[in-house]
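Please read them with the model open.

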Amino acid sequence: MEFRTKSIHIGEEPNYKDGGTGDAVVPLHLATTFARKEVEIPTGGYEYSRSSNPTRKAVEDKFAAIEGAKYGLGFSSGLAAESTILFALVKSGDHVVCIDDVYGGTQRLFRKVFGEKYKVEFSFVDATNAKLVEAAIQSNSTLIWIETPTNPMLKICDIEAISKIAKAKDVLLAVDNTFMSPYFQNPLALGADIVMHSTSKYINGHSDSIGGAVMCNDDAIFEQIQFMQNSVGAIMSPFDSYLVARGIKTLGLRMEQHQKNAIYLAELLEAHPKVNKVIYPGLASHPQYELAKSQMTGFGGMISFEVKGDILNAKNFLEAVRHFVLAESLGGVESLIEHPALMTHASVPIEDRKKLGISDTLIRLSVGVEDIKDLEQDILQALAKA
Ligand SMILES: *Cc1c(COP(=O)(O)O)cnc(C)c1O
């Protein structure tokens with residue numbers, strides 16, 4: 001089956017047997033526990049909803065299908081998914097190599113929780129250079145954690161090159177694939193061992209559910225993460241599973257439109273006299289355009305750009321837009337806009353922000369699926385006021 005067929009049908013085969021009602025859409029199963037006819041045999045395979053739940057099973061089957069993976073697991077947030085991966089695969093005294101401009105919440109989780117509290121060692125390196133990843137690997141390294149494209153600088157890591165290093169050194173590679181969604185990038189096919197998503201972003205796509213997903217192919221890795229999913233209990237709720245399963249059905253359609261609108265706006269911004277520079281992996285001016293083209297099947301809906309002038313010009317622009325909602329997060333049908341230095345990356349020390357290139361005039365767009373005419377007019381009138 002192709003992507004959009006899978007995203008609609010997998011996990012939702014109508015149940016006609018044994019008095020099943022043949023629901024065309026997976027029902028919302030709220031039951032915490034499932035009655036048995038015989039003492040030793042769970043009816044329909046379900047016992048208790050933390051361990052497994054029919055609505056969660058539907059979305060977990062969809063997670064696996066859209067990443068082209070054997071297994072999928074659902075969690076209560078992206079960070080719950082990350083925590084569970086680390087609990088399952090890393091122990092005190094182990095070493096993890098992590099990309100330096102990783103998502104802020106991931107950085108806090110790794111440094112403050114697994115680092116300071118549980119004594120896992122971390123090296124944060126510029127993983128856009130695979131050689132730096134290789135050089136950071138130690139005898140106690142067990143995991144490499146990358147994110148590509150990065151946030152908000154949209155730098156690209158070579159997943160295949162890093163996966164070869166990981167295999168040669170017997171270290172697992174996990175990729176946070178939130179920014180591309182499974183529609184535009186499949187890290188498992190490029191050699192990664194584990195893929196993680198914040199479903200709060202593109203996968204659900206409607207800014208109304210916090211959730212996380214993990215996909216993998218290896219039986220032993222799956223068993224360890226599934227054991228930890230049940231042991232830690234940070235599961236995706238039935239209602240969130242229902243919403244996310246519903247969102248996934250239009251993931252392909254949405255990603256196509258996010259990208260179409262983003263390419264249009266990236267080109268518009270790049271040609272505008274009030275714009276300093278535009279960062280979008282689908283522009284030939286992106287320093288890693290060739291790598292982006294080779295490992296992704298599209299370029300997504302995220303754009304970062306600098307307005308000319310100083311922080312006041314950036315603020316004027318942000319407060320002048322009408323259709324772009326001034327808010328953190330990304331990946332919803334509605335266009336969002338934010339100022340990394342003052343909002344999502346405000347907690348990053350100023351020297352680190354400078355090193356990463358997060359200037360005071362940098363603005364990040366999560367381009368939605370609205371009519372492009374309205375988005376274009378909005379950007380142009382706001383730039384006039386910047
Ligand atoms: C949002 C996000 C996360 C964290 O996910 P939550 O669902 O907010 O817990 C992790 N990685 C990336 C790239 C994100 O954008």
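1. Gly-11 sits in the loop that runs between helix H1 (3–9) and helix H2 (54–67). Helices here are DSSP runs of H or I with at least four residues, strands are runs of E with at least two, and both are numbered from the N terminus. With a relative accessible area of 17%, Gly-11 is buried; the term means under 20%, while exposed means over 50% and partly exposed in between, using a 1.4 Å probe and protein chains only. Gly-11 and Lys-62 are 51 residues apart in sequence, but their C-alpha atoms are 5.9 Å apart in space.

2. On provenance: this is a predicted model, in which local features need pLDDT of at least 70 and side-chain atom pairs count only at pLDDT 80 or more, whereas totals for chains, interfaces and linings use all residues. Residues are numbered from 1 along each chain as its sequence is written, and side-chain values use heavy atoms, with hydrogens and water left out.

3. How many residues of strand S6 (residues 194–198) are buried? The count is 5 of its 5 residues, so the strand is mostly covered. Ile-194, Met-196 and Ser-198 point one way from S6, Val-195 and His-197 point the other way, and all are buried. In a regular strand the side chains alternate between the two faces of the sheet.

4. S6 has pairing partners in strands S5 and S7. Two strands pair if DSSP finds at least two bridges between them. Strand S5 (residues 172–176) pairs with S6 in the parallel sense over 3 bridges, and Asp-176 stands opposite Met-196 in S6. With strand S7 (residues 212–216), S6 pairs in the antiparallel sense over 5 bridges; there, Met-215 of S7 is the bridge partner of Val-195.

5. Which residues come nearest to the ligand? Of the 13 residues around the ligand, they are Gly-78, Asp-176, Ser-198, Ser-200 and Lys-201. A residue is near a molecule or strand if one of its heavy atoms lies within 4 Å of it. Helix H3 (residues 78–89) gives the largest share of the shell around the ligand, 3 residues.

6. Leu-79 uses a backbone N or O atom, which lies 2.9 Å from an oxygen atom of the ligand. Ser-198 has a polar side-chain atom 2.8 Å from an oxygen atom of the ligand. For Lys-201, an N or O atom in the side chain is 2.7 Å from an oxygen atom of the ligand. Taken alone, the ligand exposes 380 Å², and the protein buries 94% of that; the areas come from the Shrake-Rupley method with a 1.4 Å probe, and for residues only the protein chains shown count as cover.

7. The space taken by the ligand is the largest pocket. On a 1 Å grid over the protein atoms alone, a pocket is an open set of points with protein on both sides within 12 Å along at least five of seven lines, whereas in a cavity a 1.4 Å probe fits but cannot get out; lining residues have an atom within 4 Å of a point. A molecule sits in either if more than half of its atoms lie within 2 Å of its grid points.

8. The loop between strand S4 (141–147) and helix H6 (159–168) holds Pro-149, and also Pro-152 and Leu-154. The peptide bond from Thr-148 to Pro-149 is cis, with omega near -5 degrees. The bond from Asn-151 to Pro-152 is also cis, with omega near 5 degrees. Leu-154 is not a glycine, yet its phi is positive, near 55 degrees; this residue is buried at a relative accessible area of 3%.

9. Ser-304, in strand S9 (residues 302–307), counts as buried because its relative accessibility is 0%. Its side chain reaches the backbone oxygen of Pro-152 at 2.5 Å.

10. Ser-207, in the loop between S6 and S7, has a positive phi of about 50 degrees although it is not a glycine. At 45% relative accessibility, Ser-207 counts as partly exposed.

Terms used
Polar contact = N/O pair within 3.5 Å; in protein donor to acceptor, adjacent residues only side chain to side chain.
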